[in-house]
Amino acid sequence: MISLLRTKLPAILPKPPSSFPTTMSASGSSRLLALAQQLRLYEPPAASPDEIEEQAMEETAGKVITQVGFQESATPIANQSDRFRPKRAAVLVCIFEGDSGEFRVILTKRSSRLSTHSGEVSLPGGKAEEGDKDDGDTATREAKEEIGLDPSLVDVITVMEPFLSKHLLRVVPVVGILRDKEAFSPEPNPDEVDAVFDAPLEMFIKDEHRRVEEREWMGEKYLVHFFDYETGGNKYVIWGLTAGVLIKAASVVYQRPPSFLEQNPKFKFPRHANTGTVMPH
């Protein structure tokens, strides 16, 4: 389970799942069916002419175009060291229909015993393994291992643009639909997950439960968004990279931008890594 950021480059765009469903199970509601149809038409935004030219120049120089943290930056990162060769991973943005007809997304609270990002809210997911056919396979396999979600219950519909973690792990958000929420009984892996819960997806493009902090890194100011959410008597804070993915997913699903300013900076990385190149929490 990991926190996420996006990157944009045709050479590293997500691999389409090997078999998008052409129809959903009869158990899916008409609203879920309509959403599936909409999402199948989704395509990542095309790069601007300036970004394409910059990308060509950077590729010639032996670099990797990445977008560290935010949605519209094309950031060159040197790849001469192992640190600057991101490994591939995927996470599952699993959407289902709530009792009131709203779209909801499955989230987890990472185990407090984990060495990194302990106790933080995340999406189910992890690194790709050799036997995975595609990003959808990676995301659903990890969701099965982490929270007991049977892959047969999820229709993988589309993938979003890759994100890049602050530790340079390239992650593809895989959007799937849980047809029958009653068929899923969470079984969290205690080594990785303390809790499994769900939240309304639309919350991530609204302002009601959001607070924000301005931060600065390498001379660039940017905003970190925090969403406070309470359910089942428990309080959760969804923030940083995970919040960024959910803002993007909600914008795609509801076909409108967030009602707040995101303020995403264009980070420029130095050629050689040092302690200043890791993005602060």
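Does D132 count as buried or exposed, and at what relative accessibility? D132 counts as buried, because its relative accessibility is 15%, under the 20% cut-off. The model is predicted.

## The chain as a whole

The chain has 281 residues, and 53% of them are buried. Its secondary structure comes to 4 helices and 13 strands. Among contacts with a separation of 6 or more, 71% are between residues 24 or more positions apart.

The accessible surface of the chain is about 12,800 Å². Carbon and sulfur atoms hold 50% of that surface.

## D132 and its loop

D132 sits in the loop between strand 6 and helix 3. The side chain of D132 makes a polar contact of 2.7 Å with the side chain of T138. The D132 side chain also reaches the backbone nitrogen of E129, at 2.9 Å.

Beyond its neighbours within four places in sequence, D132 is in contact with K127, D137, T138 and R141. D132 also belongs to a network of salt bridges, together with E129, R141, E142 and E145.

## Helix 3: ends and length

Helix 3 covers residues 135-147. At 1.5 Å a residue, its 13 residues should span 18 Å. The end C-alpha atoms are 18 Å apart, so the model agrees with that expectation.

At the start of helix 3, a side-chain oxygen of D134 comes to within 3.1 Å of the backbone nitrogen of G136. After the helix comes G148, with a positive phi near 75°.

How many of the 13 residues of helix 3 are buried? The count is 10, so helix 3 is largely enclosed by the rest of the structure. The buried residues are D135, G136, T138, A139, T140, R141, E142, A143, E146 and I147. An α-helix has 3.6 residues a turn, so residues three or four places apart point the same way.

## G136 in helix 3

G136 lies in helix 3. G136 counts as buried because its relative accessibility is 4%. Leaving out residues up to four places away in sequence, G136 touches V156 and V174.

T158 is 22 residues from G136 along the chain. The C-alpha atoms of G136 and T158 are separated by 8.5 Å.

## Salt bridges

The chain has 16 salt bridges. One of them joins the side chains of R141 and E142, at 3.1 Å from N to O. Both R141 and E142 are buried, and both are part of the network that includes D132.

D137 forms a salt bridge with K133, with the closest N and O atoms 3.6 Å apart. K133 counts as exposed, because its relative accessibility is 59%. Another salt bridge links the side chains of R104 and E102, at 3.0 Å from N to O. R104 is buried, with a relative accessible area of 13%. E102 is partly exposed, with a relative accessible area of 24%.

How do strand 12 and strand 13 run, and how many bridges join them? Strand 12 (residues 220-231) and strand 13 (residues 234-239) run antiparallel, and 6 bridges join them. E230 has K235 in strand 13 as its bridge partner.

The two strands form a hairpin with 2 residues between them. G232 lies in the turn, and its phi is positive, about 60°.

## Helix 4

Helix 4 runs over residues 240-254. Its 15 residues reach 21 Å from the first C-alpha to the last, close to the 21 Å expected at 1.5 Å a residue.

Helix 4 is mostly covered, with 14 of its 15 residues buried. Just after helix 4, Q255 takes a positive phi of about 55°.

Note on methods. Residues are numbered from 1 along each chain as its sequence is written. This is a predicted model: local features need pLDDT of at least 70, side-chain atom pairs count only at pLDDT 80 or more; totals for chains, interfaces and linings use all residues. Side-chain values use heavy atoms; hydrogens and water are left out. The expected span of a helix is 1.5 Å times one less than its number of residues. Buried means under 20% relative accessible area, exposed over 50%, partly exposed in between (1.4 Å probe, protein chains only). A polar contact is a pair of N or O atoms within 3.5 Å; within protein, one must be able to donate a hydrogen and the other to accept it, and residues adjacent in sequence count only if both atoms are side-chain atoms. Contact means heavy atoms within 4.5 Å. Accessible areas come from the Shrake-Rupley method with a 1.4 Å probe; for residues, only the protein chains shown count as cover. Two strands pair if DSSP finds at least two bridges between them. A salt bridge is a side-chain nitrogen of Lys or Arg within 4 Å of a carboxyl oxygen of Asp or Glu.
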